[in-house]
Amino acid sequence: MKNILIIDDEINICTLLSKFLGKHGFDVDTTMTGGAALKMMKEKTYDLVLCDYRLKDTDGAQLLQDIHQINPSTIVIIITGYTDVRVAVEMVKNGAYDYLSKPLYPDEILNLVHKAFAHKEAEQERQAVRPVESGSEPEVRETLLSRNQNDKNDKYVYGESDGAKELFRQIRLVAPTDYSVIIFGETGTGKESVAHLIHHHSKRNQQPFVALDCGSLSKELAASELFGHEKGSFTGAINTKIGAFEQAQGGTLFLDEISNLSYDIQVALLRVLQEKVIRRVGSLKEIPIDVRIIVASNEKLSESVQRSKFREDLFHRLNEFTIYIPPLRERREDLPLFTTAFVNQVAKELDKTCGKISPEVWECFQQYSWPGNIRELKNVIRRACLLTPEMEDITMLALPLEMKESFSQAPEELQISGELAILSNDNDLKTVALQAEYNKIINVLKEVKYNKTKAAQVLNIDRKTLYNKLRLLNINY
């Protein structure tokens, strides 16, 4: 049983948290002063301390130092009011695990406590298996945005869903190798962030990481951007240009949306990967390169091969390891974590204290299909924090129009479960149309083996519209 100490000068908070955490299997003690807390910690080992920042006899910053002097392994979570959030963020930099803003929500507290213990256990496991030789391979540190601000990796947010855990398990496996990696995921799922993580935790992490969006390259410029060109090699080449491969020498080259490269460039890229040399446009000189390749696509490259859009030999050359990033709608357990992280991030960007998410907005978030995935969520949070006055709760008024419309479109006359169950008159024209739409979508999904990108193309609608229809009709594939 884990031991928790609650330090707060409000007796009601101590009582509430003690009963709540006690019901969830923790051994909880409480005190209202810092002095008493330190005395208790010298007599008993506590795994975690929930500490109010403002106490009658001390403050959280001083108490944090004192706690870590007594037991450096004790996890400290700061409880703070809105006006002290910036101070709490500084305390996180100085060793606190995280902070909670008043008013306190029991589920939020329990969630954070569980994450804190899970993080500590993961750190202990990594310490136990850490290689002792010099120059040992880097480890993946599963940190959250709201803590370990001095870590180079603090801009990443790690999920707690099964899909997220599997994703980072695969990153841990492949990062220390020199394998070429294909990252597959929908737009906005964070493919470049995953590529950064692989590089950061590889043996090449002291060398350059170069990212190139192949979707923005014209056929004429692609060779120059990838391999460079010599001065005067074509009209407009007024200077010698160093290409992406040379820029990434010794490090990692990330090629996003690689399926957009033309056939000729794919042939040239295959040769580079096989021979490990490049030639700048307009030059006969071969330049040796040592670069790890990571590529990404929002569609399966194996399917692009089947459609003759991507060379099969290049695919097999790149396909040493494939990582799939699940869309946000398939990892809704991570929504609170991402939302909290983005609110904290935006608060720093705007230099303001953002309020809490209202229950109605949370419900909207849970029901929304998030076609733009994590990128869309971040943009929604940025917009909402900007529109909401400081310290006020974020309400539906601050959400984009498409989210509000989607949230209000739930049909009252239908209840759909698995198959469409008609509650109104079978002869009603609207009902008949919905039944036909349901059947059509189901049939197309089966034809394309439940590939939603393909299904949207066959149905001649965009992916966002398809996801809204899937939610409306309760089609869960």
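## Buried face of H19

Helix H19 spans residues 463-472, and its buried residues are Arg 463, Leu 466, Tyr 467 and Leu 470. Viewed down the axis of H19, these buried residues fall within an arc of 100°, so they line one face of the helix. An α-helix has 3.6 residues a turn, so residues three or four places apart point the same way.

## Packing of H18 against H19

Helix H18 comprises residues 452-459. The axes of H18 and H19 come within 9 Å and cross at roughly 100°. Because angles of 65 to 115 degrees count as roughly perpendicular, H18 is described as roughly perpendicular to H19.

From H18, the residues in contact are Lys 452, Thr 453, Ala 455, Ala 456 and Leu 459; they meet Arg 463, Leu 466, Tyr 467 and Leu 470 of H19. Classified by residue type, the contact of H18 with H19 contains six nonpolar, one polar and two charged residues.

## Confidence of the model

The average pLDDT of the protein chain is 82, and 86% of the residues score at least 70. Over residues 129-154, however, the pLDDT is below 50, and this stretch has 60 contacts in the model beyond near neighbours in sequence.

Residues 410-425 also have pLDDT under 50, with 26 contacts in the model beyond four places in sequence. Where pLDDT is low, the predicted coordinates should not be read in detail.

Note on methods. Residues are numbered from 1 along each chain as its sequence is written. This is a predicted model: local features need pLDDT of at least 70, side-chain atom pairs count only at pLDDT 80 or more; totals for chains, interfaces and linings use all residues. Side-chain values use heavy atoms; hydrogens and water are left out. Buried means under 20% relative accessible area, exposed over 50%, partly exposed in between (1.4 Å probe, protein chains only). Helices (H or I, at least four residues) and strands (E, at least two) are DSSP runs, numbered from the N terminus. The arc is that of the directions from the helix axis to the C-beta atoms. pLDDT is the predictor's confidence in each residue, from 0 to 100. Contact means heavy atoms within 4.5 Å. Axes are lines fitted to C-alpha atoms, for helices over the stretch in contact, and angles run from 0 to 180 degrees between N-to-C directions. Angles under 35 degrees count as roughly parallel, over 145 as roughly antiparallel, 65 to 115 as roughly perpendicular and the rest as oblique. Ala, Val, Leu, Ile, Met, Phe, Trp, Tyr, Cys and Pro count as nonpolar, Asp, Glu, Lys and Arg as charged, and the others, Gly among them, as polar.
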